[in-house]
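This briefing is for a reader meeting the structure for the first time. Please look through the sequence and the 3D view before going on.

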Amino acid sequence: MKRLLAIGDQFIPPSLMRASVPASVRDRLEISEASTPFPLEPFREIAEVKEASGSEEQMIEVLQGVSLCIAHHAPLTKRVLDAAPQLRLFVVCRGGPVNVNLAAATAAGVTVGFTPGRNATATAEFSVAMALAALRRVPATDFGIRNGQWPGNYTFDTAGFELEGTTCGVIGYGEIGRRVARILLGFGASVLVYDPYANIGNGEQVENVSLQQLLRRSHLVSLHARETPETRGLLGKAEIALMPKGSVLVNCARGALLDYAALEEALRSGHLFAAAADVFPAEPLPPYSSLLTLHNFVMTPHIAGGTRQAAEKACRIAGEELERFLKNEPLRFCANPH
């Protein structure tokens, strides 16, 4: 009988991971559970991995004798791998295994799986909600009412614009970007797409353009590219300057895609009407950040993908990958095929 560790947290409980183990393999497993403090404590860098929760010491302890593991933010570092020689499969309930030292896992013979698309709908819906909140300045007016004001004094110059009839740009046309485009089309917007790797069919109601064309023509731009060496710093001062005056920029992808100093400058100058972000270069956002003083900037603490359905989908995909591994079948979503 093989030992499986389900190490979840307060968002994806280990009990949900356990329940997602397919019945066809459950009798072959001895399942133990553990938990990290995410999201009651923000994820952070742990040793050489990013966006992790818990500790190396906890992982070393709970992985003793374990050959299979389903995790969320738990860190899989070289130190942990060295202390867990029996480990053969590590499935991360995330879109990418950034909390895993992939090179060390590969060298140790550990197959690493992940769960892409598990929060695509959640993030897409949230991104459009952030766009609307920024366009109509919902947080600022809510704050005003709660503080004894009645901030209904919008003028032609200070009023936002509607999505219907507006040209919107989606940067990154993967699982999330496609859903954002579909939602925007439902509002009656025209949608431009920039993604040099996307396969866009003739029947899709979007226009595939260059990044420069998208920025020049779009009054709302939403970022959905993955963070890679190629996409880091994708939008800087020069790119933001290409956007029409009075436009809106939304980032619910990764903080590294956007130059936030350039964003702040464009918001303060009035070149951008508003912006919204769920992600930042450093998280949590430092309390001294000047971004906190911007009245036309909507911020949330990296929560776009946080729905119950996203947690359930992640566990279902992880359970299916576990079943494939135990049946000696290739994983659908393997980060280190070997």
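What percentage of the 338 residues of the protein chain count as buried? The figure is 49%. The model is a predicted one, and its secondary structure comes to twelve helices and 14 strands. With a radius of gyration of 22 Å, close to the 20 Å that the globule rule gives for 338 residues, the protein chain is as compact as a globular protein of that length.

**Overall dimensions**

- The C-alpha trace of the protein chain spans about 70 × 50 × 35 Å along its principal axes.
- The protein chain exposes about 16100 Å², and carbon and sulfur atoms supply 52% of that area.
- Among contacts in the protein chain with a separation of 6 or more, 62% come from residues 24 or more positions apart.

- Five strands form an open sheet with parallel pairing, in the order 2-1-5-6-7.
- Strand 2 and strand 7 (111-113) are the edge strands of this sheet, and each pairs on one side only.
- From one strand to the next, the twist averages 15 degrees.
- Strand 5 and strand 6 are paired in the parallel sense over four bridges, and Ile70 stands opposite Val91 in strand 6.
- Helix 12 packs on this sheet, where it touches strand 1, strand 2, strand 5, strand 6 and strand 7.
- The direction of helix 12 makes about 165 degrees with that of strand 5.

**Helix 12**

- Helix 12 covers residues 308-326, which is 19 residues.
- From its first C-alpha to its last, helix 12 reaches 27 Å, close to the 27 Å expected at 1.5 Å a residue.
- The buried residues of helix 12 include Ala310, Ala311, Ala314, Cys315, Ile317 and Ala318.
- Also among the buried residues of helix 12 are Glu321, Glu323 and Arg324, along with Leu322 and Leu326.
- An α-helix has 3.6 residues a turn, so residues three or four places apart point the same way.
- The cover over the buried residues of helix 12 includes strand 1 (2-8), strand 2 (29-35), strand 5 (68-71) and strand 6 (89-92).
- Helix 1 (14-19) and helix 2 (23-26) are also included in that cover.
- Glu320 has its place in helix 12; its relative accessible area is 28%, and it is partly exposed.
- Glu320 and Leu331 are eleven residues apart along the chain, and their C-alpha atoms are separated by 8.7 Å.

- Strand 8 (residues 167-171) pairs with strand 11 (residues 220-223) in the parallel sense over four bridges.
- Ile171 has Leu223 as its bridge partner in strand 11.

**Backbone details**

- Most residues other than glycine have a negative phi, and most peptide bonds are trans.
- Phe38 and Pro39 are joined by a cis peptide bond with omega of about -5 degrees, and Pro39 is found in the loop between strand 2 and strand 3 (44-46).
- The peptide bond from Glu283 to Pro284 is also cis, with omega near 0 degrees, and Pro284 is found in the loop between strand 13 and strand 14.
- Ala47 is not a glycine, yet it has a positive phi of about 55 degrees; Ala47 is found in the loop between strand 3 and strand 4 (49-52).
- His302, a residue other than glycine, has a positive phi near 55 degrees.
- His302 has its place in the loop between strand 14 and helix 12, and at 24% relative accessibility His302 counts as partly exposed.

Conventions. Residues numbered from 1 in each chain as written. Predicted model: local features only at pLDDT ≥ 70, side-chain atom pairs only at ≥ 80, totals over all residues. Heavy atoms only, no water. Pairing = 2+ DSSP bridges. Helix = DSSP H or I, 4+ residues; strand = E, 2+ residues; numbered from the N terminus. Rg over C-alpha atoms; globule rule 2.2 N^0.38 Å. Buried < 20%, exposed > 50% of the residue type's maximum accessible area, 1.4 Å probe, protein only. Contact = heavy atoms within 4.5 Å. Areas by Shrake-Rupley, 256 points an atom, 1.4 Å probe, with all protein chains shown as cover. Expected span 1.5 Å × (residues − 1). Axes fitted to C-alpha atoms, helices over the stretch in contact; angles between N-to-C directions.
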